Structures are given as structure tokens and as C-alpha cells.
Amino acid sequence: MPQLESIRVYPIKSLDGVSITEAEIVTNGGLSWDRRYAIVEQSPDAMAATEPNDRYVNAKRERRLHTLEATYDFERETVTVGEHGHDERQTFHLELDRDCFTAWLSDYVGYPVELVRNDEGGFPDDTDASGPTVISTGTLEAVASWYDGIDAGEMCRRLRPNLILDAPAFWEDRLYDAPGRVVPFDIGSTTLQGVNPCQRCVVPTRDPETGEPTEGFQETFVERREATLPEWASEAWFDHYFRLMVNTRVPDDSLGAILALDESVTVGDSVTAHSAE
């Protein structure tokens with residue numbers, strides 16, 4: 001029976017993640033501290049954007065964010081940042097020093113930005129399936145083996161999952177069904193609903209410390225993902241094969257629950273998304 005091997009949250013969207021031993025599921029289904037903060041652009045054009053996503057300064061559009069190294073102290077609510085490969089580091093309180101921190105970030109990326117906060121589930125990429133993302137240890141190892149010089153740890157940093165299960169390669173592909181359906185599964189006594197395989201962006205194709213593209217990453221990924229897609233995966237989602245990891249929703253009964261390491265995972269039967277509400 002698979003178990004929850006690791007929990008990772010990314011306190012500032014697009015910056016480094018951190019492993020924790022337990023996490024509360026908050027209002028919109030995200031994990032406490034996961035993407036609680038986001039960096040957004042302050043230019044007049046960005047401020048006029050009708051969609052919040054248009055303001056994000058994330059690694060998809062700002063490759064320099066890969067070169068930042070960030071560590072956190074949750075108890076003190078601080079972030080310590082610096083450039084990979086350099087010794088100089090600065091520590092900022094995420095609230096008391098927010099103006100100083102955003103000035104530092106603005107100087108680093110070369111244009112005005114600000115730091116925004118959302119305690120009710122953060123700033124997820126997929127707002128329709130805003131629960132924690134799920135992958136297995138076996139999948140990280142298998143996908144890393146498709147490339148020279150990339151290990152499972154680096155692949156985890158490229159893919160940025162929340163919940164890592166101690167399970168064989170592509171086991172998590174059991175956690176979704178055809179569009180319009182969800183797969184309920186329990187981690188301990190907490191129920192989540194698997195929705196779909198995550199559509200990947202440009203971020204995994206880059207070195208997580210330098211931002212440099214890995215030659216042929218996406219082409220190799222697509223070829224190998226199609227060749228190794230397990231029989232239990234619903235092919236209805238695969239209009240292309242640059243998909244990996246599972247997006248989830250969280251039913252109301254699970255809001256406020258605590259996920260903890262080493263809890264067992266059990267999978268229920270697929271149901272229509274409407275009946276699961």
C-alpha cells in the first residue's frame with residue numbers, strides 16, 4: 001500500500017520549495033504555506049490586466065527566478081534569498097520587511113514588482129483543481145532516468161509536486177479517469193479527488209538553478225511518456241504527452257484536515273465529478 005513519503009510547499013510562487021512533515025488543507029484546497037505569496041509586476045500595463053495571471057512574475061516568463069535560492073523559517077515568517085553559487089544572502093521578514101524585499105526583487109529582475117499574499121489557498125496554477133499535486137517516488141526516478149545527469153532530486157525540483165507517494169513509477173496515473181469524472185482517494189483519513197494529469201509548462205525543461213534550457217528535454221519527455229504510459233492511465237486526457245503529475249480537488253469535508261508523512265493511501269472507485277460535489 002503506498003504511503004505519503006514527502007510533503008513539499010512553495011511559499012513564494014516560482015521560488016524554491018521546502019519539505020515539511022505535515023500540512024493543513026486550507027480554504028480553497030491548497031496546503032498551508034503553498035504559493036501563499038506571489039511576485040507580480042507593477043508596470044501600468046500589468047496593473048491594467050484583467051486577469052491576475054497576467055501580472056505574475058513567475059519562472060515561466062522570468063527565467064532569472066531560477067537563479068535565486070530561497071530558504072524559509074515559517075516560525076519567524078522569514079525568507080533568506082541569494083543567487084545560486086554566491087555566498088551573499090539577505091533575510092527578510094515576509095510582512096515587516098515586505099517593502100524592502102520587493103525593492104530587492106525589483107532590483108534583481110530589473111523592473112518594479114510587488115509581493116502579494118493569499119492565506120486562503122495561495123496562488124495555484126490550476127484554479128479548477130487547486131488541491132495538492134501528487135506524484136510517486138518511482139515516477140521521479142523513472143523520468144530522471146530518461147536524461148543524462150539528472151537525478152530524482154533534480155527532477156522533483158523541475159516538476160514541483162506537493163505530495164510524493166512511496167509507490168512505483170506512474171502509480172499516480174490511477175488517480176484520474178476520463179474528463180468529467182474524478183477518482184476519490186484517501187491519505188490517512190483525508191479524502192482528495194484526482195482530476196487530471198498535469199499539463200507541463202516550460203519550467204521543467206530548464207535547469208532549476210541556472211534557468212538554462214536542457215536540450216531536447218520536451219521532445220524526449222513526450223516520446224518516453226507516450227511509450228511508457230501505463231494501461232491504467234486514461235488516454236482521453238492525452239491530446240499531447242507533455243503531462244505528468246496529478247491535479248486534485250479537495251471536498252469540503254477535508255478542508256482543515258492535516259496531512260502527515262507515512263499515512264497510507266487507498267483509492268476508491270471513479271465517480272462523476274457532479275456526484276462527488
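Me: Which residues form one aromatic cluster in this structure?
Reply: Trp 146, Tyr 147, Phe 170, Phe 217, Phe 221 and Phe 242 do. Bear in mind that the model is predicted.

Me: How many aromatic pairs does a search of the whole structure find?
Reply: The search finds 12. One of them joins Phe 238 and Tyr 241.

Me: How is the geometry of such a pair read, and what is it for Phe 238 and Tyr 241?
Reply: In general, two numbers describe a pair of aromatic rings, the distance of the centres and the angle of the planes. For Phe 238 and Tyr 241 the centres are 5.4 Å apart and the planes make an angle of 20°. The pair is stacked, because planes under 30 degrees apart count as such.

Me: Where are Arg 35 and Arg 160 found?
Reply: Arg 35 is in the loop between β3 (22–24) and β4 (37–41). The loop that holds Arg 160 runs between α4 (152–159) and β10 (163–166).

Me: Are these two arginines, Arg 35 and Arg 160, buried or exposed?
Reply: Arg 35 is buried, its relative accessible area being 12%. Arg 160 also counts as buried, at 15% relative accessibility.

Me: How do I read a loop residue such as Ala 59?
Reply: Begin with the place, then the cover, then the partners. Ala 59 lies between α1 (44–47) and β5 (68–73). With 3% relative accessibility, Ala 59 counts as buried. Apart from neighbours within four places in sequence, Ala 59 is in contact with Ser 14, Leu 65, His 66, Val 203 and Arg 206. Pro 208 is 149 residues from Ala 59 along the chain, yet their C-alpha atoms are separated by 9.7 Å.

Me: Where is Thr 127, and how far apart are Thr 127 and Asp 107 in space?
Reply: Thr 127 is in the loop between β8 (113–117) and β9 (134–136). Thr 127 and Asp 107 are 20 residues apart in sequence, and their C-alpha atoms are 30 Å apart. At 59% relative accessibility, Thr 127 counts as exposed, whereas Ala 59 counts as buried.

Me: What radius of gyration would a compact globule of 277 residues have, and what does the protein chain have?
Reply: A compact globule with 277 residues would have a value near 19 Å; the protein chain has 19 Å, so the two agree. The C-alpha trace spans about 50 × 45 × 35 Å along its principal axes, and the chain holds 5 helices and 16 strands.

Note on methods. Residues numbered from 1 in each chain as written. Predicted model: local features only at pLDDT ≥ 70, side-chain atom pairs only at ≥ 80, totals over all residues. Heavy atoms only, no water. Helix = DSSP H or I, 4+ residues; strand = E, 2+ residues; numbered from the N terminus. Rg over C-alpha atoms; globule rule 2.2 N^0.38 Å. Phe/Tyr/Trp six-rings, centres within 6.5 Å; stacked < 30°, edge-to-face > 60°. Buried < 20%, exposed > 50% of the residue type's maximum accessible area, 1.4 Å probe, protein only. Contact = heavy atoms within 4.5 Å.
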